[in-house]
Amino acid sequence: MKIDILTLFPNMFQALNESMLGKAQEKNLLQINICDFRQYSNDKHHHVDDTPYGGGAGMLLQPQPFYRAVDAINQDDAGPKRVILLDPAGQRFDQQLAQELAQEQHLVFLCGHYEGFDYRIEQLATDRVSIGDFVLTGGEMAAMMMIDATARFIPGVLGNGQSAYSDSFAQDLLEYPQYTRPAEYRGMKVPDVLLSGNHQKIAQWRHEQALKRTWLQRPDLLAQAALSSEDQQFLEKLNQPRQK
Ligand code: ADE
């Protein structure tokens, strides 16, 4: 997958060279190109922002450097691409969107900064995406989070045949708790069932724990989860007030 990132702060993206994403680039599964779009400013001082028409506080990013930078990317590769504007007012990013973006050949991220951007920049984007209901100082960290979550779905990025498809959220449930050695630590014991060797029981316990965790921590997810009648019964039991 090819990824172009348009930003005024290229150094922020050092983190993409570490860990799994660094390895994915070495293996050529991911090709990340970071572009300081200031170079596409027509202004003699390379300014990229200006005051809003109609008045008001702050400066807005101008359309022209973004449009020219995307023109250059299109000239280089005329193939289909998703152009993603990081925007707190955009569609909420989630695991499903990560999975969908992982099917694409080419992603372009537009990172805004300062107080905002000219509305015409929205028209350059195929997608406007927010990573949550809070406002960051710029789109850079949001883009990095999206790239990380998306790259995990590209075959070969995760090691040892691991799959992003078995993670929390993959089946609309949070992941069950996991344990490794030692079997007891500071009085906290690994549940007996995990030491039993009974794979059917282990699978059932894990599924119930995933249901219970989701019920406790993210009940909103249960509304959209595909639940069997056994699952419903299990949840009904959890919902009953405790017996004295
Ligand atoms: N830019 C500023 N805040 C953001 C957010 N929450 N998501 C995406 N981009 C942003």
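**Helices, domains and ligand shell of a predicted model**

Ala149 lies in helix H4, where helices (H or I, at least four residues) and strands (E, at least two) are DSSP runs numbered from the N terminus. The structure is a predicted model, in which local features need pLDDT of at least 70 and side-chain atom pairs count only at pLDDT 80 or more, while totals for chains, interfaces and linings use all residues. Residues are numbered from 1 along each chain as its sequence is written, and side-chain values use heavy atoms, with hydrogens and water left out.

Ala149 has a relative accessible area of 18% and is therefore buried (buried means under 20% relative accessible area, exposed over 50% and partly exposed in between, with a 1.4 Å probe and protein chains only). The C-alpha atom of Ala149 is separated by 25 Å from that of Ile121, the two residues being 28 apart along the chain. Helix H4 spans residues 140–151 and also holds Met145. The relative accessibility of Met145 is 47%, so Met145 counts as partly exposed. Between the C-alpha atoms of Met145 and Ser41, which are 104 residues apart along the chain, the separation is 27 Å.

The domain assignment divides the chain into domain 1 (2–151) and domain 2 (169–243), with bounds that come from an automatic or database domain assignment. Taken over C-alpha atoms, the centres of domain 1 and domain 2 are 38 Å apart. Helix H8 covers residues 229–239, and its buried residues are Asp231, Phe234 and Leu235. These residues cover an arc of only 95° around the axis, which puts them on the same side of H8; the arc is that of the directions from the helix axis to the C-beta atoms. Glu230, Gln233 and Lys237 are exposed on the other side of H8. An α-helix has 3.6 residues a turn, so residues three or four places apart point the same way.

For Gly132, a backbone N or O atom lies 3.2 Å from a ligand nitrogen atom. A polar backbone atom of Phe134 is 2.8 Å from a nitrogen atom of the ligand. Of the 260 Å² of accessible area that the ligand has on its own, the protein covers 96%; accessible areas come from the Shrake-Rupley method with a 1.4 Å probe, and for residues only the protein chains shown count as cover.

Ser130 of the shell lies in strand S7. Ser130 has a relative accessible area of 4% and is therefore buried. The side chain of Ser130 reaches the backbone oxygen of Gly132 at 2.9 Å.

Backbone geometry was also examined. Most residues other than glycine have a negative phi, and most peptide bonds are trans. Ser19, a residue other than glycine, has a positive phi near 55°. Ser19 lies in helix H1 and is exposed, with a relative accessible area of 53%. Asn28, also not a glycine, has a positive phi of about 65°. The loop between H1 and strand S2 (31–36) contains Asn28, which counts as exposed at 60% relative accessibility. The peptide bond from Arg181 to Pro182 is cis, with omega near 5°, and Pro182 is found in the loop between H4 and strand S8 (184–185).

Asn11 is located in the loop between strand S1 (2–7) and helix H1 (19–26). With a relative accessible area of 63%, Asn11 is exposed. The C-alpha atoms of Asn11 and Ile34 are separated by 9.2 Å, the two residues being 23 apart along the chain.

Technical notes
Polar contact = N/O pair within 3.5 Å; in protein donor to acceptor, adjacent residues only side chain to side chain.
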